[in-house]
Amino acid sequence: MPIYEYQCETCGKIFERLQKINESQNSIRCPVCGSKETKRILSSFSYSGDYGSSSSCGQGGSTGFS
């Protein structure tokens, strides 16, 4: 289940909600004021990885062309 971020249009609170993909957005209530006037907002994400690791192409990202 993905985590979505919502913002309450009544009090402005931003909150997260673990939600099934097929669950209606109309059932989302603000945890602070209880309002159903919420909207899904675009959230940022982070990636945790090793930037120094070599790729499957080998050292230096060779294209294989000679």
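Predicted model: local features only at pLDDT ≥ 70, side-chain atom pairs only at ≥ 80, totals over all residues.
Residues are numbered from 1 along each chain as its sequence is written, and side-chain values use heavy atoms, with hydrogens and water left out. Local features need pLDDT of at least 70 and side-chain atom pairs count only at pLDDT 80 or more, while totals for chains, interfaces and linings use all residues.

Colleague: In what order do the elements of the protein run from the N terminus on?

Modeller: Helices (H or I, at least four residues) and strands (E, at least two) are DSSP runs, numbered from the N terminus. The protein has zero helices and three strands. The order is therefore β-β-β.

Colleague: Is Tyr4 buried or exposed?

Modeller: Tyr4 sits in strand E1, residues 3–8. Its contacts (heavy atoms within 4.5 Å) include Phe15, Ile21 and Arg40, leaving aside residues up to four places away in sequence. Buried means under 20% relative accessible area, exposed over 50%, partly exposed in between (1.4 Å probe, protein chains only). Tyr4 has 18%, so Tyr4 is buried.

Colleague: How many disulfides does the structure hold?

Modeller: A disulfide is a pair of cysteine sulfur atoms within 2.5 Å. The sulfur of Cys11 is 3.7 Å from the closest cysteine sulfur, in Cys30, so that pair is too far for a bond. The structure's total is zero. Cys8 is in no disulfide either, and its nearest cysteine sulfur, at 3.6 Å, is that of Cys33.

Colleague: Is Cys11 buried, exposed or partly exposed?

Modeller: Cys8, at 2% relative accessibility, counts as buried. Cys11 is at 40%, so Cys11 counts as partly exposed.

Colleague: About how much accessible area does the nonpolar patch of Met1, Ile3 and Leu18 have together?

Modeller: Like charges are joined within 9 Å, nonpolar side chains (Val, Leu, Ile, Met, Phe, Trp, Tyr) within 5 Å. Ile3 is at 54%, so Ile3 counts as exposed. By the Shrake-Rupley method with a 1.4 Å probe, where only the protein chains shown count as cover for residues, the patch has about 340 Å².

Methods. Patch = residues over 30% accessible without salt bridge, like charges linked within 9 Å, V, L, I, M, F, W, Y side chains within 5 Å. Salt bridge = Lys/Arg side-chain N within 4 Å of Asp/Glu carboxyl O.
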